[in-house]
Amino acid sequence: MDRSEIVRLDKRYVWHPYTPMDRYRAETEPLVIERAAGSRLFDVDGKSYIDGNSSWWVALLGHNHPRLVKVLQEQSQKLCHTSLAGVTHEHAAYLAQELVKVSPEGLEHVFYSDDGSTAVEVGLKLALQYWHQNGRPQRTEFVALDGAFHGETLGSTGLGGVDVFRKPFSPVVLRCHHVPSPSEGLDAAVESLRCTLSENADRLAAFVLEPMVQGASGMRMYDAEYLRVARILCDEHDVFLIADEVFTGYGRTGQMWAVDHAGIAPDIMCMAKGFSGGILPMAATTINSRIFDGFLGDADRAFFYGHTYCGHPLGAAIALEVLRIYQDENIVAAVAPKAAKIEAVFERLAQHEGVSRVRCLGMIGALELDGDGGYLDRAGWHVYDAALRRGAYLRPMGNVVYTTPPLNIPDEEFDSLLEILEESVTEVLAKR
Ligand SMILES: *Cc1c(COP(=O)(O)O)cnc(C)c1O
């Protein structure tokens, strides 16, 4: 099928995520991708693009890592699916042990699910049911940050603090207290969290946050001190701390987990995205023993929750190989020198008029172009077009231009990506 036929069918039938469809149909010339390898996407016309976003922050090891593809092929000959209720298999069991080993101290149990949203949903339901059957049934509300993004199930939507995602559903979602993001000022955020927790503790099940970086609200970054204080305050009021590491985990911020920057351990931790190296949708939630033990006893205290693909053998085999690659190829340790290059480029861009709020951490660099600042702001899309012409894929978020490349991007491609980013921003600013 050639490009125009694919696009014709697509525009006739496919409803795209996060996309105003009338505008898409009228104006968008979509990329039509045929294959990918390492840090590059190739379109049907043979043109290639460096993947500056790891395709929705997933391809931390690049696309089609040969070791992952090999495991996929081999495992698919043996076992693709089985249930995980009263049944188990080697990869689910062994992977759980390995996930506990790499998770922060105290997270000793693993619940498998499908994607980032379900990994968070598991955490929310565990927290609610724990309190329900352990003497505090009135603890049904949550705390989350302004600008939070935790996924798209109705549960995680309730925690969301990005208006366009949450607004249509706000009458029917979980009760959630939104507190100021520490990215807008540490002291005020700490004070506000302190008040919210002490005033509402009796009704709170958990505080859920994206540690260090709020990805979907535009790579908003904050100080590790906030995490340390959050841990202390949650302990004081006996409120669970849930770390959503779906974006920040697996070395994205320069540590295996973003909570490692603060040296804290949450009660529940959610992982997805890098978890299965962009090969298959799969996720996990790791949980401490106090919560696990709160579900023992009479059968009706069990967690009656699951998904058809829980512990999926293909996904589990791949997730296991992902961890081995992290070890063998020293993936996290290799971030620091690359992070320094991102910082250098973004610091230069910060000197330009029209650029503000430059921030970097690990393999993330972001800046804001002057504009209205909303998610629907078009400013970043001019940079996207300019970068695409030069051979890089840099999908923006409104006026936020950012890069989150694969952690193992080869030096030469990495240098080209940063050069393209710098040139594209400079070009767009010059036209203003
Ligand atoms: C992407 C993301 C999610 C949702 O993950 P899906 O796999 O898209 O369901 C949840 N939390 C954070 C922090 C994310 O970045």
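This report covers the ligand site, the nonpolar cores and a set of individual residues.

## Basis of the model

The model is predicted: local features need pLDDT of at least 70, side-chain atom pairs count only at pLDDT 80 or more, and totals for chains, interfaces and linings use all residues. Residues are numbered from 1 along each chain as its sequence is written, and side-chain values use heavy atoms, with hydrogens and water left out.

## Ligand site

The ligand is surrounded by W57, D115, G116, S117, F149, H150, G151, E210, D244, V246, F247 and K273. A residue counts as near a molecule or strand if one of its heavy atoms lies within 4 Å of it. This shell divides into 4 nonpolar, 4 polar and 4 charged residues. Ala, Val, Leu, Ile, Met, Phe, Trp, Tyr, Cys and Pro count here as nonpolar, Asp, Glu, Lys and Arg as charged, and the others, Gly among them, as polar.

In S117, a side-chain N or O atom is 2.6 Å from an oxygen atom of the ligand. The side chain of K273 has an N or O atom 2.7 Å from a ligand oxygen. Taken alone, the ligand exposes 380 Å², and the protein buries 84% of that. Accessible areas come from the Shrake-Rupley method with a 1.4 Å probe; for residues, only the protein chains shown count as cover.

## Nonpolar cores

A nonpolar core is a set of buried Ala, Val, Leu, Ile, Met, Phe, Trp, Tyr and Cys residues joined through side-chain atoms within 4.5 Å. Buried means under 20% relative accessible area, exposed over 50%, and partly exposed in between (1.4 Å probe, protein chains only). The largest core holds 97 residues, and L95, F207, Y226 and Y250 touch the most other members. Helix α12, residues 313–328, gives the most to this core, with 9 residues. Apart from it lies another core of 30 residues, with A148, C176, A272 and I291 among them.

Not counting residues up to four places away in sequence, Y226 touches L145, V179, P180, P182, L186, A189, V190, L193, F207 and L209. Contact means heavy atoms within 4.5 Å.

## Residues in helices

Helices (H or I, at least four residues) and strands (E, at least two) are DSSP runs, numbered from the N terminus. G315 sits in helix α12. G315 is buried, at 0% relative accessible area. Beyond four places in sequence, G315 contacts L280 and M282. F275 is 40 residues from G315 in sequence, and their C-alpha atoms are 9.2 Å apart. E422 belongs to helix α15, residues 411–430. E422 counts as buried, at 18% relative accessibility. Its contacts beyond four places in sequence are V345, R348 and L349.

Helix α3 spans residues 54–57 and includes S54. S54 is buried, with a relative accessible area of 0%. Leaving out residues up to four places away, S54 touches A59, R252, T404, P405 and P406. A polar atom of the S54 side chain lies 3.3 Å from the backbone oxygen of P405. W56 is also found in helix α3. W56 is partly exposed, at 46% relative accessibility. Although not a glycine, W56 has a positive phi of about 60°.

## Strand and loop residues

H109 is part of strand β4, residues 107–113. Beyond four places in sequence, H109 contacts V100, T285, T286, I287, N288, S289 and F292. The side chains of H109 and S289 make a polar contact at 3.3 Å. Such a contact is a pair of N or O atoms within 3.5 Å; within protein, one must be able to donate a hydrogen and the other to accept it, and residues adjacent in sequence count only if both atoms are side-chain atoms. H109 and T285 are 176 residues apart in sequence, with 8.3 Å between their C-alpha atoms.

M219 lies in the loop between β8 (213–214) and β9 (220–221). M219 is buried, at 0% relative accessible area. Its phi is near 55°, a positive value in a residue other than glycine. Q255 occupies the loop between β10 (240–244) and β11 (268–271). Q255 is partly exposed, at 32% relative accessibility. Leaving out residues up to four places away, Q255 touches D260, H261 and V332.
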